[in-house]
Amino acid sequence: MPVSSRQRDDWLAVMSISAPERPDQESSAFPRHYWLFFGLGLGFVATLFVGLVVLIAGGPEPDTSPDPAAGTAASQPEDGSGQTAVLGSSEVSVIGTEFAFDPDELILAPGATITLDNQGLVIHNMEIEGVAGFLIEAQAGQSASGTIDVDPGEYVIFCSIPGHREAGMEGTLTVTTG
Ligand SMILES: [Cu+2]
């Protein structure tokens with residue numbers, strides 16, 4: 001009996017020793033899976049991050065190219081801060097776009113030349129209301145010129161392409177006495 005009780009004690013001792021080891025193995029095995037998934041997740045997130053950085057890095061490049069254009073656009077209001085041509089000017093360049101003239105208030109001397117610079121995407125023109133025979137027409141990206149042979153006074157200029165005047169392509173022309 002004493003022998004069997006010793007064996008029992010030994011067995012229990014082995015059990016008590018091996019029992020704690022099993023949880024240790026399990027607890028050490030679980031973290032391995034955890035770290036594996038963590039590593040995979042980290043790699044996935046890192047890939048997303050790199051992709052995002054590439055997208056963001058790629059973004060500013062198109063943004064920087066429009067910036068000069070924006071600067072040009074910003075400088076146009078400066079040029080057009082006069083919004084009107086120089087008094088008595090003998091020639092002026094008017095930018096036509098969808099759908100506006102810039103400048104849209106012209107003050108010119110008789111016989112002055114107007115150049116319509118079509119920076120739009122479709123054809124634009126300029127007519128003087130009540131003045132037959134005056135027509136400057138420019139295809140997209142091109143320019144055309146015309147001479148105003150009218151009496152001093154105030155006139156309305158407009159683009160006669162259907163819908164354009166209503167959309168905003170009109171302005172005033174003041175022809176000085178010289
Ligand atoms: Cu037009």
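Which residues touch the most other members of the largest nonpolar core? Among the 20 residues of that core, they are Leu108, Ile114, Leu116, Met126, Ile157 and Leu173. A nonpolar core is here a set of buried Ala, Val, Leu, Ile, Met, Phe, Trp, Tyr and Cys residues joined through C-beta atoms within 7 Å.

## Basis of the model

This is a predicted model, in which local features need pLDDT of at least 70 and side-chain atom pairs count only at pLDDT 80 or more, while totals for chains, interfaces and linings use all residues. Residues are numbered from 1 along each chain as its sequence is written.

The mean pLDDT of the protein (the predictor's confidence in each residue, from 0 to 100) is 70, and 51% of the residues reach 70 or more. Two segments stay under 50. Over residues 1-5, pLDDT is under 50 and the model has zero contacts beyond four places in sequence; a contact requires two C-beta atoms, placed from the backbone, to lie within 7 Å. Over residues 33-82, pLDDT is likewise under 50, and the model has four contacts beyond four places in sequence.

## Overall organisation

The protein has four helices and eight strands. These elements are DSSP runs numbered from the N terminus, with helices being H or I of at least four residues and strands being E of at least two. In order from the N terminus, the elements run α-α-α-β-β-β-β-β-β-β-α-β.

Of the 178 residues, 17% count as buried. A residue is buried if 20 or more other C-beta atoms lie within 10 Å of its own, exposed if 12 or fewer, and partly exposed in between, with C-beta atoms placed from the backbone. Among contacts between residues at least 6 apart in sequence, 45% join residues at least 24 apart.

## Strand pairing

Strands are said to pair if DSSP finds at least two bridges between them.

Strand 4 (residues 124-128) and strand 5 (residues 131-138) pair in the antiparallel sense over five bridges. Asn125 has Glu137 as its bridge partner in strand 5. The two strands form a hairpin with two residues between them, and Gly130 in the turn has a positive phi of about 85 degrees.

## The nonpolar core

The largest nonpolar core comprises 20 residues. At least two of its residues are supplied by each of strand 1, strand 3, strand 4, strand 5, strand 7 (153-158) and strand 8. The largest share, six residues, comes from strand 3. In soluble globular proteins, nonpolar side chains tend to be buried together.

Leu173 is one of the core residues that touch the most other members. Leaving aside neighbours within four places in sequence, Leu173 is in contact with Leu106, Leu108, Ile128, Tyr155 and Ile157.

Ala109 lies in strand 3 and counts as partly exposed because it has 18 C-beta neighbours inside 10 Å. Beyond four places in sequence, Ala109 is in contact with Gly88, Ser89, Ser90, Thr176 and Gly178. The C-alpha atoms of Ala109 and Ser90 are separated by 5.7 Å, although these residues are 19 apart along the chain.

Thr174 lies in strand 8 and is partly exposed, since 15 other C-beta atoms lie within 10 Å. Not counting residues up to four places away in sequence, Thr174 touches Leu106, Ile107 and Glu154.

## Cis peptide bonds

The peptide bond from Glu98 to Phe99 is cis, with omega near -5 degrees. Phe99 is found in the loop between strand 1 and strand 2 (100-102).

A cis peptide bond also leads from Asp102 to Pro103, with omega near 0 degrees. Pro103 lies in the loop between strand 2 and strand 3.
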